[in-house]
Every structure is written in C-alpha cells, then in structure tokens.
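Q: Please take me through this structure one feature at a time. I would like the general idea before each case.

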Amino acid sequence: MSTADKLVQMVIAIALFYVVMASILLLTQRIRSRSGERVQAAAFLGPSILLIGVGLLYPACVTVWQSLHGAATFDPPFVGLDNYKDLFTDSQQLTVLRNTVLWVILTPIVSTGIGLAYAVLIDRSRFEKFGKALIFMPIAISMVGASIIWKFVYAYKAGDQEQIGLLNQVLVWLHLDTFNFLLEDPWNTFFLIVILIWIQAGFAMTILSASIKAIPDDIVEAARLDGIGGWKLFRYITVPSIRPSLIVVLTTITIATLKVFDIVQTATGGNFNTSVLAYEFYRQNFVAGNQGLATAIAVVIFVLVIPVVLYNIRQMRKLEAR
Amino acid sequence: MTDIQTTVLPDAPTPASAPPKTAAAAAREGLSGRTASVVALLIAVLWTIPTFGLLVSSFRPEADVKQNGWWNAFTDPSFTFDNYREAFSGGSGGEGLSTNLINSIVITIPAVLIPISLATLAAYAFAWMRFRGRDILFVAVFALQIVPIQVTLVPLLQIYVDPPFGLLPLAGRDAPAGGLYELWLSHTIFALPLAIFLLHNFMREIPGELIESARVDGAGHVQIFGRIMLPLMMPAIAAFGIFQFLWVWNDLLVALVFSSPEISPLTVKLVSLVGERGQDWQLLASGAFISLVIPLIVFLALQRYFVRGLLAGSVKG
C-alpha cells in the first residue's frame, strides 16, 4: 500500500464511521412515543456495548477456557490446571515470577518516593513550573523510546575500548571496573526497573503535588504555631493529609507495572533472565506457540490486578467524598 | 477516576497577596532552603540527562557515535543531519522510518476519534437517559476496565482471522485497508470502558436543569447532545483525547500482535531496529528521537489538558 492509499483508507474509515453514527442518531431521534427513549438509548449505547461485549467480555471468557488446554493450535487437549502448575514449578517460569515480584515491589515505592520528594522540594520555588515539566516529560515518551534512551546510558564496551555508555564512563572516571548492566543476571532486572521508575516518577509527582497544594493552610498554620516544622511537619501533617492520593498513586503504578512489556522487549528482548509475566505472555503465545501457557499467564496477570484495582477504586471513592 | 471537582490543578493560580506557606514549603524550609534546592536540582538533572544524551547522539556523525560517548561532542564538536536522513530513507539495507511514521499517523487518528465519539455518546446515555438496567450496565462497563489487554488478545485475534457468521475477515492478506481495521477496532475496544467512565463523570457535573429546560422546550436527545453537551464537554474530550493519542502512538503490544509489516507503526520498527541493527547507535538515536518528538510537542502544547486528564484518572493500566 502506498502512502496515499493509507491516507485515503483512513479518511474513508473516519467518514464511514461518522456517516453510520449520524444516520443512526437521525433515524432514532424522530421517535417520540413512550418506548422512544429506550430506542434512543440503544442508539447511543449500542455500538459501545457491542464492541465491549465482543472485544473484551467474550475474549476474556475464552482466554480463561483456553488456559485449561494444551499447547496445540488445533483442538488442544484439555489439561486442567497443568498450565498453572507449570507456571509455578518450572524453573524458567519461577525466574519470571521472581522478576515480576521485584518489579511490582520496587517500581511503585521508588517512583512514588522520588515523586513525593520532588513535589515537596520544588513546591512554590521560583522554577517550579519548569522543574515539574522536566520530570514530567518522560510520561509522553513511549516505553520503547525510553528503553532506547537508557540503552545509551547502559551501553557497555569490553576491555580498554572507549565507553559509549554514560554510566560505564562514570565508572571509568571513578577508576572502577566497568559493568555490563543489561547482561548480568540478576542485577539487569534492577536496571530495567530504573527505566520504568524514570517514566512513572513524573506521574507520582503531578498527582502528589496537586494534593499537597490542597492541604488547608490553617492546618499547616496551626501546626507551625505549635512549633512543628520541617521534617516533623512533613511526617505528621503532610503525609497523613495526602494518604489517599499516595495510595492511589501507588496502586496505579502497581497496575501499570504488572503489565510492563515494552521495556523488557526493547531493552533485552527478554533474554538474560529478565522476562516478566506480561513479556512471557507474549513470548509463549507468539514466539514459542504455547497458547495454553500464554493464556494461563494472562489469567494470572488478571487475577493479580483485581485486588489492586479494587483497593484503588475504594481509595478513589474516599478522595471523591472529601 | 477521581471526581474532577475535588481535585486541585497544580497550576491553579495562588493568591497574590502574601501567600500563606503550604505544608510542603514549610517542610522544605526545615531541610534548609539550600540543601532542598540542591537535591531538587540533582533529581532534575538526573532525569534530563538521558534524553539530552540521546538528542546529542542523534546529531553526531556515525563514526563518532560508535567510537565514544555523546559527552565528547562538547570537547570535539561535529554535528550532522546524516543520521536523520539515513533513518528516514533507510540508507544501506532496510526500509526507512518514513513509512512507519505515516503508519503511526494513519493508525492513531481514527483510533482517537472513533472511541472518543462512541464514548461521549455512551456517557450521555448513561448520564441523562432513563431506561431499564442502566445502572447495572454502567457498573459492568466500569468493571471491565480492569481486564488487562493481555487477557483479550489471543481470542480477539482469532475473531479477526476467522469471524463468525461469514463476516469479512479483518486480518490476513485480503483484509480491507491492509489490516488497518484490526488496529483501529482494537484500540477503540480497549479505550472504551475508561473513556465512558471518565466522560460520564464529567457529564454528571453539568447541571440537570439545563437539560430539563431544553427538554421542556421540545429538544430531543440528539439536539441536546449536539448543541448543549458537546460544547460543554470539549475540555474533557480534549483531556481524554490527548491520553488516547499518547496511548495509541506509544503502544507496542497491540501493534505487534495485530499489525502486518506493511502497516507497522514506529514503535514496532524501532524494536526491530534494536534487534537487527543494535550496533548502529546513530540510527537508533535518530529513530528514537523521530518517534518521540511528536508526542513531546503535543504534550508541551497541551500540558494543561494533559494534567487535568491525569488528575481525573485517565491512567490506563
């Protein structure tokens, strides 16, 4: 397909969509009988509900069913919970689980910590807006782009060659041994986690900064009149006041971390024992061709996400109720 | 997912006359102003250096990039546009990024417009129409937000390849528009639950009297939606639009699963560059920069809406 072809196809698709939607709406708006509102609701909601049903609900159910079946593409045999057993006993899969645990523990805590510290440090300072934009910027960058950016930081050259990676050059300047950051298991996982922290800290900073600014001034004034300041004020006034936001940030980053795929794919291709659940799902299904195991992994991600989301929603409700 | 009313925007204007100290300002004071500034500056520099290094690398000649680090460009400055030319045209062996840039644009525009339009309609119905089972349906849509896309990918691909009821397959060699419909549809599906939920939150805040008086004047739902709701909803639509734009533009997984090589976006191309030409650092640098310059411009230009969307909870898992 040529460029012009693609653009034409795009315009056709958009036009088609709006023509269809407009005619549905125009046809149904004339109905004024008692059942009219029901028909109109169907016109407004129908397309969305249909797409969600066919594209989300039905596939999710099929995935659960497939996870109980073997690897074969055609007529895979029913194997019960064997895929899940593999997932928790196979040594390779156990490394995947270990890495996932590291990611899920470290990323939310460290990015929230840095985001909070930065939000406090930069609050009402002269270059607040600019300083925030700097930390915030990585959110707009794709995880693929971010991983390439960090490949330039981690790059390693053996022996006495000149280093092209910044981090190894720093080690050279400090007269320390160079290190192959993306290769050495298990440390490489930590260096991949740094990439996601780099992306998520800006998100944490933005949300927390907004809720710090929302702390009523009289509370702070009262505390200061009582002679509380500095670290104590932070510990006993600031942190408790923004607790719901802190939890929302932590859980939101946790959910994103559980689904991290792009960074592992770009930085190491899942090699050198850096695979995580979301990457392993892709590898098992589209590279190894083991659909049963892949769908089982997807279900495990699903199950792990549910309690975090429920907790997240409860905290959001609390935030709203304020 | 927080209510927009209850959140305070970070760039909200502060009273000019003797601003009272916030908790953060007071805490910072305790750390003694100077230490605080130094730590903040350190974090800011640490966060900026990697991107800056990539930018500098992308303008260095190939030989230099492969031989030593980007910081050498300060002592021995020599810059060129060759890397960008090579990245766009493909240079020695392999296709250029320009095709993928077009693909990214062609994928992204409908994948932003369609879900937002559908979600605005659905949100209106949930907010202002009365029909049986409305609340249950809304809770169901809300709950489906938690489904990770991994759970849906495999069966969804099967539906595209081999649809029921003799429908036209959207994947494969004879797929319409070279398989672009797969991507548009998938991004739409994955965006809908969150989009409906968020826009519904915004819509509930519009005063009901406005709708009621319009109804008394004989306006139907379609008129109310078009004449009253859409203009009022524009900020919210913009906020979610930016998120959906960034999500689709930066997506890798959906594109890897559903796009044929002919229509693969920038992210997919970059990953394959890393795999096949991982030592061509100059190409990686310029390629990565091409992919991130458009979202960065959008982000910088529309930061206000972006932050508002973020505070309203448009963070897709």
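Q: In chain B, where is confidence lowest and where is it highest?

A: Confidence is given as pLDDT, the predictor's own figure for each residue, from 0 to 100. This is a predicted model, in which local features need pLDDT of at least 70 and side-chain atom pairs count only at pLDDT 80 or more, while totals for chains, interfaces and linings use all residues. Residues are numbered from 1 along each chain as its sequence is written, and chains are lettered from A and ligands numbered from 1 in the order in which they are written. In chain B, the lowest confidence is in helix 1 (residues 23-30), with a mean of 60, and the highest is in helix 6 (residues 97-128), at 94. Helices (H or I, at least four residues) and strands (E, at least two) are DSSP runs, numbered from the N terminus.

Q: What is the mean pLDDT of chain B, and over which residues does pLDDT stay under 50?

A: The mean for chain B is 83, and 87% of its residues reach 70 or more. Residues 1-19 of chain B stay under 50. The model scores ipTM 0.89 and pTM 0.89.

Q: How many helices and strands does chain B have?

A: Chain B has 15 helices and 0 strands. Of its 317 residues, 50% are buried, where buried calls for 20 or more other C-beta atoms within 10 Å of a residue's own, exposed for 12 or fewer, and partly exposed is in between, with C-beta atoms placed from the backbone.

Q: At what angle do helix 5 and helix 14 of chain B pack?

A: Axes are lines fitted to C-alpha atoms, for helices over the stretch in contact, and angles between N-to-C directions run from 0 to 180 degrees. Under 35 degrees counts as roughly parallel, over 145 as roughly antiparallel, 65 to 115 as roughly perpendicular and the rest as oblique. Helix 5 (residues 82-89) of chain B and helix 14 (residues 281-301) of chain B pack at about 75°, with axes 9 Å apart, and are therefore roughly perpendicular to each other. Among the contact residues are Tyr84(B) of helix 5 and Ile290(B) of helix 14; two residues are in contact if their C-beta atoms, placed from the backbone, lie within 7 Å.

Q: How many residues does each chain bring to the contact between chains A and B?

A: Chain A supplies 111 residues and chain B supplies 99. On the chain A side, helix 2 (residues 36-66) gives the largest share, 19 residues.
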